[in-house]
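Please open the model in a viewer and keep the sequence panel at hand.

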Amino acid sequence: MPANSIPVLTIDGPSGSGKGTISRHVADQLGWHLLDSGALYRAVGYAAGAEGLDLSDAEAVTRCAEATRIRFRDPKDGGETRVIVNGHDATDELRTETAGAAASAIAVFPGVRAALFDKQRDFRKAPGLVADGRDMGTVIFPDARYKVFLTASAEERAKRRYKQLKDKGLNVTLAALLREIQARDERDAARTVAPLRPAADALTIDTTGIAVASVVAAVLSVVRPA
C-alpha cells in the first residue's frame, strides 16, 4: 500500500491540551499506530543535556538530533510505551517539565526539525496512524485525511499537569506550572519555523472542563461520521 494512501489522523495542540491521552485512546479504538512526536523532541533535548550541550547552540543540537538513536518499545503488560534513547530507557526522564522545556527550546531550530522530519513520516504504516504533536497537520502530514486541534485554557492545562506530576510524586507548584505553560505557548506560537497553529482544515475542540471520554468521542466522529 502506498504511504500516501494510508489514513492519518493528526491531533495537534499546546502543552496540556490532552493530546497525549486522547491520542492513545483514539489509536487504541481505531487499532492504528501512534506517533508521539513530542517524545522525539524531548529525546533529543535529553540526549543534548546528557552530552552537556548548550541548548542555544543550534549547530551542536542539530548534530545531536541527527545522531540520536530513538526507539519506542511497546510494553508487554499494557503499560506505558517506553522510549529508548541511545540504548537507555529514558521514559521517566522525558516526562519531566525540564525535558518539556528543553524540547520547546530546541524545536525552534530548523536543523533539528529537518533531522526529525523523516523519522516522523516513517511512522505512517497500515492500517493507519494517529499523529500527536504541534505541527502534524500543518507540516509533517499536511495531506492527512483527518485533522483535529485540541486546546484548553492555560489555567486548565496547568491544573492537569499539576495533577499528573503530583501523582508521580514530583514536587511542583501550580503557579510555576502556569508560568511555564504560558511561556511555552508564547515561544511555540512565535517561532518562525512551524509555529503552533491549527491547520486550515482542522476541527478545533476546546477541552476545558470536558471529560476525556467525550473528547475521544468527538475526535472519533471525525474519522467515523455518524
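**Stop 1: leucine 30**

Select leucine 30 and display its surroundings: residues up to four places away in sequence set aside, leucine 30 touches Val130, Leu220, Val223 and Arg224, where contact means heavy atoms within 4.5 Å. The model is a predicted one, in which local features need pLDDT of at least 70, side-chain atom pairs count only at pLDDT 80 or more, and totals for chains, interfaces and linings use all residues. Residues are numbered from 1 along each chain as its sequence is written, and side-chain values use heavy atoms, with hydrogens and water left out.

Leucine 30 belongs to helix H1 (residues 19–30). Helices (H or I, at least four residues) and strands (E, at least two) are DSSP runs, numbered from the N terminus. Leucine 30 counts as buried because its relative accessibility is 14%; buried means under 20% relative accessible area, exposed over 50%, and partly exposed in between (1.4 Å probe, protein chains only).

**Stop 2: helix H5**

Next select H5, residues 97–106. Which of its residues are buried? They are Ala99, Gly100, Ala102, Ala103, Ser104 and Ile106. Their cover includes helices H2 (37–50), H3 (58–67), H4 (91–94), H6 (110–121) and H9 (174–190).

**Stop 3: H3 against H6**

Keep H3 and H6 in view. Their axes are 8 Å apart and the packing angle is about 10°, which means that H3 is roughly parallel to H6. Axes are lines fitted to C-alpha atoms, for helices over the stretch in contact, and angles run from 0 to 180 degrees between N-to-C directions; those under 35 degrees count as roughly parallel, over 145 as roughly antiparallel, 65 to 115 as roughly perpendicular and the rest as oblique. On the H3 side, show Val61, Thr62, Ala65 and Glu66; they meet Gly111, Val112, Ala115 and Lys119 of H6. This contact is made up of four nonpolar, two polar and two charged residues. Here Ala, Val, Leu, Ile, Met, Phe, Trp, Tyr, Cys and Pro count as nonpolar, Asp, Glu, Lys and Arg as charged, and the others, Gly among them, as polar.

**Stop 4: the cavity lining**

Select Ser15, Arg42, Thr96, Glu97, Gly100, Arg161 and Arg184, which line the largest cavity. This lining has no nonpolar, three polar and four charged residues. A cavity is a set of points on a 1 Å grid over the protein atoms alone where a 1.4 Å probe fits but cannot get out, and lining residues have an atom within 4 Å of a point.

**Stop 5: the loop between S4 and S5**

Move to asparagine 86, in the loop between S4 and S5. Its phi is near 50°, a positive value in a residue other than glycine. Asparagine 86 counts as partly exposed, because its relative accessibility is 31%. Glycine 87 lies in the loop between strand S4 (82–85) and strand S5 (88–89) and, at 64% relative accessibility, counts as exposed. The C-alpha atoms of glycine 87 and arginine 161 are separated by 28 Å.

**Stop 6: a cis peptide bond**

Finally, select alanine 126 and proline 127, which are joined by a cis peptide bond with omega about 5°. Proline 127 is in the loop between H6 and strand S6 (129–133). Most residues other than glycine have a negative phi, and most peptide bonds are trans.

Technical notes: On a 1 Å grid over the protein atoms alone, a cavity is a set of points where a 1.4 Å probe fits but cannot get out, and a pocket is an open set with protein on both sides within 12 Å along at least five of seven lines; lining residues have an atom within 4 Å of a point.
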